[in-house]
Amino acid sequence: MSTPDQKTPLAVLLFHAAMQQRLSLADFAEKLDLSVATLRSYLFEAGKRTRIRSKTLEQMAEVLNMSASEVRERAELLPYAGQPFSEWLKHQMQNRFTRAGLCAATRISDSAMKNYLMGHTTPDPDNAMRLAEVLEANSLEVAYLIIATELSQRGVELPSALPPAVETAPVTTAQPEMKAEPATVQSETVSSPAVDGMSSETIVNAYTEQRLLNLWRRLHPQGRRATLTYIASLLAEELM
């Protein structure tokens, strides 16, 4: 499970890093010199919290082995909405484990497992890693599911797909009637629109597809419609 540009959101990367180190959220927060509440806000309130302290940014960059600018960029990304973690867990257990059997294999308490299956809570990173290993699941996928589930439960609107494509009717150019002296029709090349001196290709290279999608989804509904209408007019110009 990944975004179209293969950019994994920061919240998913942080949770996965804690999984790999088999740390609880409390222990991972201590490692980052953060309170548990602050770490949870970075993980489960993605898209709302936009500012990261310089010191915290450097610590995250060190833990994730990436540049601070990359951390800041990924902080703006959201995971796609998908199957709730509880439903995924039930599917993984089907014909393989009973609840008691999975508890025994992972050393997770029955009460905690019941809450996972009921969708009341999601596992901390250390328990998530145990589940991934016993169920032979991709640990990054498990982290992705947990973050997406937590964000959805908190009312964060997650992208479910790319914005709907704007369909335009094909422009049919009538062929001129042949006469004794046919008129010469010269085709015009429509150049790509520019914004502040930047071509559309430059803009696409400057921003990843996922970041543009997130920005589009933050617009007011009228703004979204206006954007799609403008794109439709550009497409129509290109077809003329």
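## Helix 7 against helix 9

In this predicted model, Leu102, Ala105 and Thr106 of helix 7 meet Arg130, Leu131 and Val134 of helix 9. Sorted by class, the residues of this contact comprise four nonpolar, one polar and one charged.

Two packed helices are described by the angle between their axes and the distance between the axes. For helix 7, which covers residues 99–106, and helix 9, the angle is about 110 degrees and the axes are 9 Å apart. Because angles from 65 to 115 degrees count as roughly perpendicular, helix 7 is roughly perpendicular to helix 9.

## Helix 9 against helix 10

Helix 9, made of residues 125–134, also packs with helix 10, made of residues 139–153, and here the axes come within 9 Å and cross at roughly 130 degrees. That angle makes helix 9 oblique to helix 10, and the crossing of the two helices is right-handed. On the side of helix 9 the contact is made by Ala128, Met129 and Ala132, while helix 10 contributes Ser139, Val142 and Ile146.

## Alanine 128

When neighbours within four places in sequence are left aside, alanine 128 is in contact with Phe15, Met19, Pro123, Val142 and Ile146. Of these partners, Val142 and Ile146 are also named in the contact between helix 9 and helix 10. Alanine 128 and valine 142 are 14 residues apart in sequence, and the distance in space from C-alpha to C-alpha is 7.2 Å.

## The loop between helix 1 and helix 2

Serine 24 has its place in the loop between helix 1, residues 10–20, and helix 2, residues 25–31. With a relative accessible area of 15%, serine 24 is buried, because the limit for that word is under 20%. The side chain of serine 24 reaches the backbone nitrogen of aspartate 27 at 3.2 Å. Apart from neighbours within four places in sequence, serine 24 is in contact with Asp124, Pro125 and Asp126, and of these Pro125 and Asp126 fall within the residue range of helix 9, 125–134.

Arginine 22 is likewise found in the loop between helix 1 and helix 2, but arginine 22 is partly exposed, with a relative accessible area of 46%.

Most residues other than glycine have a negative phi. Arginine 22, however, has a positive phi of about 55 degrees although it is not a glycine. Asparagine 65, which is also a residue other than glycine, has a positive phi near 60 degrees. Asparagine 65 is found in the loop between helix 4, residues 54–64, and helix 5, residues 68–74, and asparagine 65 is exposed, with a relative accessible area of 72%.

## The chain as a whole

Taken as a whole, the protein chain has 13 helices and two strands, and buried residues make up 38% of its 240 residues. Among the contacts between residues at least 6 apart in sequence, 70% join residues at least 24 apart.

Notes:
Residues numbered from 1 in each chain as written. Predicted model: local features only at pLDDT ≥ 70, side-chain atom pairs only at ≥ 80, totals over all residues. Heavy atoms only, no water. Axes fitted to C-alpha atoms, helices over the stretch in contact; angles between N-to-C directions. Helix = DSSP H or I, 4+ residues; strand = E, 2+ residues; numbered from the N terminus. Parallel < 35°, antiparallel > 145°, perpendicular 65-115°, else oblique. Left-handed = near helix turned anticlockwise from the far one by under 90°. Contact = heavy atoms within 4.5 Å. Buried < 20%, exposed > 50% of the residue type's maximum accessible area, 1.4 Å probe, protein only. Polar contact = N/O pair within 3.5 Å; in protein donor to acceptor, adjacent residues only side chain to side chain. Nonpolar A, V, L, I, M, F, W, Y, C, P; charged D, E, K, R; others polar.
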